[in-house]
Amino acid sequence: MTQVIINDVTPREQFTSSAAQTVFNTLFTADATTDIDVYARASGVDPDDVTQLVNTADYTVTFIGATATTRVTFAVGRTAGDIITIARNTPSDRENLYINTNFTPSMLNQDFGLLTLIDQQNQMYDAVLAPHYNVSAIIEPVVDNILPVLGANQIWAKNNADTAIIVYDVPASGGVAPKTATYLIKTTAGSELPNAQIMGDLASGLVVNTNTTGVQLTRLLTGTANQITLTNGSGIVGNPVFALANNLIMPGLEYFKPPSGTTAQRPASPTDGMVRYNTTLQALEVYEGASWHQLAGGIVDSIIGTVNQIIVDATDPQNPILSTPQDIDQNADVQFNSVQFNNTNSVYDANGVLILSLFGVASAVNYIRFENAITGFGPVIQALGADTDIDIRYFAKGEGFHNFASTGNTPVYFRSGTAYQHATIFSFANTAATRTATWQDSNGTVAWLTDIPPASGLTWSTIAGTSQAASVNHGYVSGNAGLTTITLPATAAVGDVVAVEGLGAAGWVLAANTGQTIKIGSATTTSAGSLASVAASDNIYVTCIVANITWRVRTTNSAGLTIA
């Protein structure tokens with residue numbers, strides 16, 4: 001072995017691998033290939049000697065050149081950026097047994113070489129890897145050299161008496177504050193944190209600071225009744241929200257000044273109720289009914305009525321009450337928008353044609369009658385004006401009867417839509433017998449009360465032949481003159497429907513598949529049974545209530561269906 005100077009080469013080197021690199025050459029030698037330890041970790045990963053020690057099967061060690069420097073060759077190329085650490089770890093128990101019969105100088109030289117390598121390693125750990133005091137430091141051996149065993153989330157620290165190293169608990173997430181810092185904490189302050197401000201002892205609310213004492217206080221934000229409302233004044237469950245109170249009462253004794261500006265400075269998109277002072281007109285103004293109106297003029301000192309026309313009750317001068325007497329003295333006819341009243345309890349239009357008469361009936365209570373003397377036209381009550389979508393309503397008092405009557409066979413119409421596109425016609429025969437009202441459905445056919453189509457609507461088709469396999473959510477009109485058989489769908493989900501309208505003279509049969517049944521009232525068909533019409537115009541509407549298996553009659557106009 002060549003001469004080794006103890007401090008010439010550190011027996012530990014680190015490399016940053018290039019892509020697919022396998023060979024790493026060091027500057028130090030070793031006594032044996034087994035003395036070489038290799039560690040590998042990805043870039044950015046913290047070192048860990050236990051998990052990052054590379055298995056010896058994954059690399060080979062050779063000694064290169066006259067100086068026998070160490071070379072490590074990986075079996076598989078490394079990833080670019082990997083950190084490769086190669087260190088020598090010569091055991092101190094590698095020695096020869098010197099016996100007179102076999103002692104040679106080479107044995108002694110080998111042992112000196114091993115000791116040199118071990119001393120070199122020890123120097124590396126002492127000077128490079130191991131933390132230590134300065135040589136000139138004052139060291140208390142009993143205090144500074146004895147370290148207690150650390151538990152989870154613990155560090156070493158000197159005690160206050162400077163007589164021992166103790167275990168010190170730190171937060172699990174890490175971080176230790178210096179003694180001289182200022183804190184807001186939740187626990188009681190002590191000598192370790194003399195500047196701590198205790199949060200746990202404070203009441204709920206917002207934290208404020210007093211700069212004279214440095215103490216934190218809590219305060220609640222509060223509103224003022226009839227002026228300012230405040231929600232969540234403590235800020236615990238959300239942001240405090242300030243708002244003007246409903247029915248606001250403005251404080252102060254002198255004045256309230258609204259926004260002011262010129263006519264040109266009015267808002268671009270005003271809305272009803274806006275109030276401002278117009279400096280151009282020198283008047284208060286309010287926006288109402290698509291225009292601005294001035295609130296100007298003097299104060300009315302008093303209001304005087306007219307005998308037999310207007311009565312003024314000025315008991316409260318600030319709130320006078322105006323009313324009309326029971327007997328009004330009016331010499332001329334009253335006219336409203338070309339409609340006039342006269343002494344005949346009737347209303348005439350601008351052409352003098354009677355359009356409304358009001359009649360009182362002896363011993364009748366709450367009685368009124370509308371009449372129209374214009375030939376060919378009936379009285380019309382219609383909502384007119386600038387607004388749209390105005391309701392017209394009528395109410396009977398209590399349990400009063402709502403009666404729409406028509407003499408003869410004239411129908412009663414209920415229309416809706418701008419062009420009366422939806423017309424409902426109720427027909428009553430001029431007989432003493434009670435008749436059932438009918439109306440047109442969306443397909444233009446007459447439907448009975450029990451035949452109301454489903455809200456979701458169905459797809460309808462007319463059956464030309466005598467048989468039809470039905471589809472879910474479909475309606476069929478039996479158009480063949482012969483008996484028409486409609487078979488339920490074999491596959492159906494709960495809520496699926498099928499409808500049949502009778503048209504052909506021989507009627508129809510609604511048949512179930514094998515394993516299916518149809519319920520009608522308390523009765524049930526047999527498996528693969530059927531329901532048949534008794535009249536050509538019978539109809540039926542069935543709903544699936546058990547997927548693929550059971551159907552139930554929802555509506556029918558037939559007085560009795562044939563159950564099989």
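pLDDT is the predictor's confidence in each residue, on a scale from 0 to 100. The structure shown in these figures is a predicted model.

**Figure 1. Confidence along the protein chain.** The protein chain has a mean pLDDT of 78, and 70% of its residues reach 70 or more. Confidence is highest in strand β2 (residues 23-25), with a mean of 97, and lowest in strand β28 (residues 446-447), with a mean of 44. Over residues 428-456, pLDDT stays under 50; for this stretch the model has 33 contacts beyond four places in sequence. Where pLDDT is low, the predicted coordinates should not be read in detail.

Figure 2. Strand β16 covers residues 275-278. Arg276 and Asn278 form its covered face, whereas Val275 and Tyr277 form the uncovered one. With strand β15 (residues 260-261), β16 pairs in the parallel sense over two bridges, and Gly261 stands opposite Asn278. With strand β17 (residues 283-288), β16 pairs in the antiparallel sense over four bridges. Here Val286 of β17 is the bridge partner of Val275. The strands β16 and β17 form a hairpin with four residues between them. Gln282, in the turn of this hairpin, has a positive phi of about 50°.

**Figure 3. Gly113 in helix α1.** Helix α1 spans residues 105-129 and contains Gly113. Is Gly113 buried or exposed? Because its relative accessibility is 9%, and buried means under 20%, Gly113 counts as buried. Gly113 and Asp31 are 82 residues apart in sequence, yet their C-alpha atoms are 8.2 Å apart in space.

**Figure 4. The largest nonpolar core.** In soluble globular proteins, nonpolar side chains tend to be buried together. The largest nonpolar core in this model has 20 residues. Which of them touch the most other members? They are Ile486, Leu488, Leu510, Ile540 and Val542. At least two residues of this core come from each of the strands β33 (497-502), β34 (508-511), β35 (517-520), β38 (539-546) and β39 (550-556). Strand β38 supplies the largest share, three residues. Apart from this core lies another, of 14 residues, including Phe24, Phe28, Val61 and Ile86.

**Figure 5. The surroundings of Leu488.** Leu488 is one of the residues that touch the most other members of the largest nonpolar core. When residues up to four places away in sequence are not counted, Leu488 touches Ala470, Val498, Leu510, Ala511, Ala512, Asn513, Gln516, Ile518, Val542 and Trp551.

Key:
Residues numbered from 1 in each chain as written. Predicted model: local features only at pLDDT ≥ 70, side-chain atom pairs only at ≥ 80, totals over all residues. Heavy atoms only, no water. Contact = heavy atoms within 4.5 Å. Buried < 20%, exposed > 50% of the residue type's maximum accessible area, 1.4 Å probe, protein only. Pairing = 2+ DSSP bridges. Core = buried A, V, L, I, M, F, W, Y, C linked by side-chain atoms within 4.5 Å.
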